[in-house]
Amino acid sequence: MDTQNTSVRPHARSRNGGENHPSRGTRANTRSGGVIHDNSRHTSRFTVIGNHLAQHAELSLLAIGLAVHIQSLPGGALIDIRTLAGRFPEGKTRIAAALRELETHGYLRRTCERTSSGRVVTRTVSCNQPGRSGATDGAEPKPRARRPARREGEPRRALPAVPQPAYPAPDLLGSAVEVLAGLRRGDPRLLLSATEVEHLAPGVAAWLERDLPPSAVHHALTADLPPEPLYRPAALLAHRLAAQLPPVPPFSAPAAPDAVRHPLRNCEVCDRAFRAAEPGRCRGCLTEPPGPHPSG
């Protein structure tokens, strides 16, 4: 039974699907309606972009294109909204929305840092693979850790000291309280408690004492605020009041009052006209010794 019959013709080997039907691959490659790639290898001036970004299922086309543009820029290039709006025709509103999309999906990280001069600046980091620099390997960015809540009975940290006015007049402090109460109308995050307003009011009064209008103080306290939530807005305002306090204006002597010009009156002796506050004699008749009246 195990003897092989050498007279039987050997069976032909079966071909694979492509070899059995050589026309299948040709029809698949020439199917109409699909993209045909004509690729050449880049040797200079190119950027590697992951398909997780180029084919992202949730990002808009504008956000994907903006991320590709940002990843192709050299380090230190400006990518703020104003610069991007000047480069592309989409406008500030659409570009800002696309940046928020990229930040939500981890392709951008924006953090606020304080410079040595006390100014708060926003630093933007572009991530070509979200999640790789964090503790997880997923595509979603790691959620920002929340600040632990203050435990019951734990003393609240004191606010930084603020400058004090030289003459804390009630009217000046009242104007300072109005400035602080109006901050929340420009930014709801600057809602202050009564205790915080009482602490900050002397610092605002010190600014108003330097011949600054309330509008200038309001602008100095609300300009260039960080986009993130403000956990202690009163501490930030106290720092600005102390760090950006303007100098005392130079002293200028008050102008001399205008000389009082009394009305013209007739001298009771010589009938000469002279200026005086009340009727009487002119200066010449006052210096001459009394004598007979000329009409006597």
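Colleague: Where is aspartate 211 found?

Modeller: Aspartate 211 lies in the loop between H9 and helix H10 (214–222). Please note that this is a predicted model.

Colleague: What is phi there?

Modeller: Phi of aspartate 211 is near 60°, a positive value in a residue other than glycine.

Colleague: And is aspartate 211 buried or exposed?

Modeller: Aspartate 211 counts as exposed, because its relative accessibility is 62% and the cut-off for exposed is over 50%.

Colleague: What about aspartate 271, where is that and what is its phi?

Modeller: Aspartate 271 sits in the loop between strand S3 (264–266) and strand S4 (273–275). Its phi is near 65°, which is again positive in a residue other than glycine. With a relative accessibility of 54%, aspartate 271 counts as exposed.

Colleague: Let us turn to the cysteines. How many disulfides are there?

Modeller: The count comes to 0 disulfides.

Colleague: Which accessibility classes do cysteine 267 and cysteine 270 fall into?

Modeller: Cysteine 267 is buried, with a relative accessible area of 4%, whereas cysteine 270 counts as partly exposed at 32% relative accessibility.

Colleague: Changing topic, how many helices and strands are in the protein chain?

Modeller: The protein chain has 12 helices and 4 strands. It comprises 296 residues, of which 24% count as buried. Among contacts with a separation of 6 or more, 55% are between residues 24 or more positions apart.

Colleague: How do H7 and H9 pack?

Modeller: Helix H7 (residues 170–181) packs with H9 at an angle of about 110°, and their axes are 8 Å apart. That makes H7 roughly perpendicular to H9. The crossing of H7 with H9 is right-handed.

Colleague: Which residues make that contact?

Modeller: From H7, the contact is made by Leu172, Leu173, Ser175, Ala176, Val177, Val179 and Leu180, and from H9 by Val197, Leu200, Ala201, Pro202, Val204, Ala205 and Leu208. These residues of H7 and H9 divide into 13 nonpolar, 1 polar and no charged.

Colleague: How does H9 pack with H11?

Modeller: Helix H9 (residues 194–208) and helix H11 (residues 233–243) pack at an angle of about 20°, with 10 Å between their axes. H9 and H11 are therefore roughly parallel to each other, and their crossing is left-handed. On the H9 side the contact involves Glu196, Leu200, Gly203, Val204 and Trp207, and on the H11 side Ala234, Leu237, Ala238, Arg240 and Leu241.

Colleague: How do the residues of the H9 contact with H11 divide?

Modeller: They divide into 7 nonpolar, 1 polar and 2 charged.

Colleague: Finally, at what angle do H4 and H6 pack?

Modeller: Helix H4 (residues 61–72) and helix H6 (residues 92–104) pack at about 80°, with their axes 9 Å apart, which makes H4 roughly perpendicular to H6. Leu62, Ala63, Leu66, Ala67 and Ile70 of H4 meet Arg94, Ile95, Ala98, Leu99, Glu101 and Leu102 of H6. The contact of H4 with H6 has 9 nonpolar, no polar and 2 charged residues.

Technical notes: Residues numbered from 1 in each chain as written. Predicted model: local features only at pLDDT ≥ 70, side-chain atom pairs only at ≥ 80, totals over all residues. Heavy atoms only, no water. Disulfide = S-S within 2.5 Å. Buried < 20%, exposed > 50% of the residue type's maximum accessible area, 1.4 Å probe, protein only. Axes fitted to C-alpha atoms, helices over the stretch in contact; angles between N-to-C directions. Helix = DSSP H or I, 4+ residues; strand = E, 2+ residues; numbered from the N terminus. Parallel < 35°, antiparallel > 145°, perpendicular 65-115°, else oblique. Left-handed = near helix turned anticlockwise from the far one by under 90°. Contact = heavy atoms within 4.5 Å. Nonpolar A, V, L, I, M, F, W, Y, C, P; charged D, E, K, R; others polar.
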